[in-house]
Amino acid sequence: MKIMKKWIRWEGILAFIVIAILLAFFWIVLVDGYVRRGIERTIAFLVGAEVNVDDADLTLSPFGFVVTRIQVTSPENPEVNAVEVQRVAFTLDTARLLMRKTVIESMGIEGVALGTPRDRPGRVYRQRAGEVSPESQKRLLWFAVPDIGREDIRRALESANLETLKSIRALNQEIESRNSFWNRRIDELPDQERLREYQDRIAQLREARERDIRAFLLKAGEIRDLYSDITSDLGLLRSSYEQFSEDYRTINTRLSEVVNQPAQDARRIARKYGPSPEGIGNISGLLFGEQLGTWVELSLRWHARISPMLDRGALTEEEQRELRPPRSEGIDVRFREYAPMPDFLIRRAAASVITRGRTLQGTLQNITPDQDILRLPLTFIFSGDNLGSLAEIRLDGTLDHINPLEPRDTVRLGVKGYCIPPMELGPEILPVTLKEGILDTGLEAVLSAGSLSADLSGAAREVSMLVRRGGGGTDLGAALADAFSGITGFSFDARVSGSPEDYGISISSSHDQVFQGMIASLARDLSAKFEAQARARLEQTLKEPLDSLKTRAGSLDKIGEELQERIVSAEALLKDSIF
Amino acid sequence: MLYLMARILNVLNSEQDPSQISLAFCFSMIAGLTPLMSPHNLIVLFLVLFLRVNLTAFLIGLAIFSGIAYLLDPLFHITGLALLSAEPLEGLWTRMYNMPAFRIERFNNTIVMGSLVFSLILFVPVFFLSRAGIVKYRARFLAWMNKTKLAQVIKASTFYKVYTSLPFRG
């Protein structure tokens, strides 16, 4: 009894109960703020902008929370809320909570409104979702019309394997070789000295005839030999001249070809590097390509933000060993569960989105980062009728990350009677404003294990379009403006395929047939402009080598003149009276 | 600081049984070395209040061991990870992992496991060592100290006045 009295302090039990009650009281008081801050931080991380929660109240029976007025700042316009939710209520499975599992069987999201004004502008932490990064911008260049500048021409000339330059080099060599040959050859042929010798011999024979006719007659053999020598030399000179003339003609023909070649090169370069109807793309690509590309980029960025929440990266034992956790936090080692259940799960969340006084109803199921444990994908469906600017909308999809190595996410969107707001379309060369219209469209997109494919089709009616100003300085401006003002509707199809990092977009629409001729004409105009600039540049570049070539070719003329002189002299000798 | 040292001396020199003081130190070692908000510390708190141990010693020990715990966290993590990933124990951990009481305890956290095992292993040795230390201190060191000139000087100091002004807490 004495020992018991020495070691037991009965009043301690009362003290413990009091302390435990105080701890529970403080936890209940503080947990509201803890949950509120947790919600603010998590959503802000996802959206990249300030999030405000008015209140988060713990309810003990049933155990859960009621969160009041969540305001999510729009990263595009910090003065308004991208989303405002009036009330979120959910109950937690307490039995699961003891196992450190946050399982919400049902969550009600009420009064979701878009674009509501904020009391004060919110902070934006990350790049705005609407902005396209420089890398993404590069991908949108398929739809850019080639800009013909000095730099483009220079690059095209550098890249082109110029035929003119090759021909100049080859002809230069040929002229060099012919020149050298004929200079050698002309030295071997009977020259003026030899012809003068013949002249002297003729003069001697003529003198002999005048002195003594009988002695002259005895020299008949000598006369015959002289005639034969002159005839032989003349034949040699004539045949050489023929050969030379042939060479000369060939060189001259090639020279005239080389002189005309810059124009041919310019045409070839214009065909290869200049704008073409295919290069410019179709009218649909020009009009909608950039807009569609921006939407694809935006969708992929949102997907990239959501994906990490659907896959929990599991650490291997080795990685756990190597990991240096923050001080006093450690690592939670996971073991096999007899009844596996995700650490976090919202089985069903029902949301009602208010837009212009109408309600868009939606349901999300199986929200968890542990789909591999739950063995069920996240599914969602939203639908609504007569939503102001929309007659009907239905959005549904599945984010299947059951096998984290082979995720497959699909989204289907159907929109009917969407009143298109005014929007500017097309690049600078084709600036078109879509003033109004009503759109019916359908989209089906699949992102599966690094492969992206999306099909979008639709039709717009009651359309009003106008060209903002002349078509890029071409003569097409007026024709385009007329054509666009006459359009009251169009249909379109677009396909996106590839990988999220490297995808292609093909677009076609009823505009393509209407504007086919105009696009070809636009391409022709641009191509002619390109060719003219390329030719001018080429002629400037090739002037010096061509002049040098002509000078070299001119050196052959002297050889020809010399040969002709020798032939004339030899022919004159044969006409002498002694023969 | 003056006040804290005065308290330490106050406890050590009180008429409490050395076992009650050293037991309080041992409990404070568990509460201080392991994460304070762990559920097992509720049991420690209950035992501290229910058993007649020296509360001042417990609070002082808690402050000291919490500081030491910060320095020893890397050691606790390595120990906890080694234990939790030990193949022979996998069956035991799996059974415990599927029991709500242990899941609340967060036994599968490397720091919780490492620090808890570390403090439980040291519990008995620390109890006997500290108990022996207190006994020796009172028997030899305190008697000798009281006779020294230094003690006379201290008794005349402000520190001693603070010390003597403290009510006994046991």
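Predicted model: local features only at pLDDT ≥ 70, side-chain atom pairs only at ≥ 80, totals over all residues.
**Figure 1. Helix α2 of chain A, residues 11-47.** The helix has 37 residues and spans 54 Å from its first C-alpha to its last, close to the 54 Å expected at 1.5 Å a residue. A bend of about 35° occurs at L30(A). Of the 37 residues of α2(A), three are buried, so the helix lies largely in the open. The three are R36(A), I43(A) and V47(A). These buried residues pack against β1 (51-60), β2 (63-73) and β3 (80-92) of chain A.

**Figure 2. The pairing of β2, β3 and β4 in chain A.** β2(A) and β3(A) are antiparallel and share nine bridges. Six residues separate the two strands, which form a hairpin. Within this pair, T68(A) is placed opposite R87(A) of β3(A). β3(A) also pairs with β4(A), residues 102-117, again in the antiparallel sense, over 10 bridges. V85(A) has V112(A) of β4(A) as its bridge partner. In a regular strand, side chains alternate between the two faces of the sheet.

**Figure 3. The cis peptide bond between S61(A) and P62(A).** Omega at this bond is about -5°. P62(A) is located in the loop that links β1 and β2 of chain A. Both of those strands are among the elements against which the buried residues of α2(A) pack.

**Figure 4. Two residues of chain A, R100(A) and N366(A), with positive phi.** R100(A) is not a glycine, yet its phi is positive at about 60°. It is found in the loop between α3 (94-98) and β4 of chain A. With 13 other C-beta atoms within 10 Å, R100(A) is partly exposed. N366(A), also not a glycine, has a positive phi of about 60°. N366(A) belongs to strand β6 of chain A, residues 358-367. Is N366(A) buried or exposed? It is buried, because 20 other C-beta atoms lie within 10 Å and a count of 20 or more qualifies a residue as buried.

**Figure 5. The surroundings of D311(A).** D311(A) sits in the loop between α11 (283-310) and α12 (317-322) of chain A. Its 15 C-beta neighbours inside 10 Å make it partly exposed. Which residues does D311(A) contact once its neighbours within four places in sequence are left aside? They are P369(A), H401(A) and P404(A). P369(A) is 58 residues from D311(A) along the chain, and the C-alpha atoms of the two are separated by 5.1 Å.

**Figure 6. Chain B and its largest nonpolar core.** Chain B contains nine helices and zero strands. From the N terminus its order of elements is α-α-α-α-α-α-α-α-α. Of its 170 residues, 34% are buried. Among contacts in chain B with a separation of 6 or more, 84% join residues 24 or more positions apart. The largest nonpolar core has 34 residues, of which A24(B), F27(B), V48(B) and F58(B) touch the most other members. At least two core residues come from each of α2 (18-33), α3 (40-50), α4 (55-84), α5 (90-97) and α7 (110-147) of chain B. α2(B) provides the largest share, 10 residues. Beyond residues up to four places away in sequence, A24(B) touches V48(B), V53(B), N54(B), A57(B), F58(B) and G61(B).

**Figure 7. The side of chain B that touches chain A.** Here 26 residues of chain B are in contact with 27 residues of chain A. On the chain B side, α3, α4, α5, α6 (100-105) and α7 each supply at least two residues. Which helix of chain B gives the largest share of this side? It is α4(B), with six residues. By type, the residues on the chain B side comprise 15 nonpolar, eight polar and three charged.

Methods: Residues numbered from 1 in each chain as written. Chains lettered and ligands numbered in written order. Helix = DSSP H or I, 4+ residues; strand = E, 2+ residues; numbered from the N terminus. Buried ≥ 20, exposed ≤ 12 C-beta atoms within 10 Å, placed from the backbone. Contact = placed C-beta atoms within 7 Å. Core = buried A, V, L, I, M, F, W, Y, C linked by C-beta atoms within 7 Å. Nonpolar A, V, L, I, M, F, W, Y, C, P; charged D, E, K, R; others polar. Expected span 1.5 Å × (residues − 1). Bend = angle between axes of the 7 residues up to and from the residue. Pairing = 2+ DSSP bridges.
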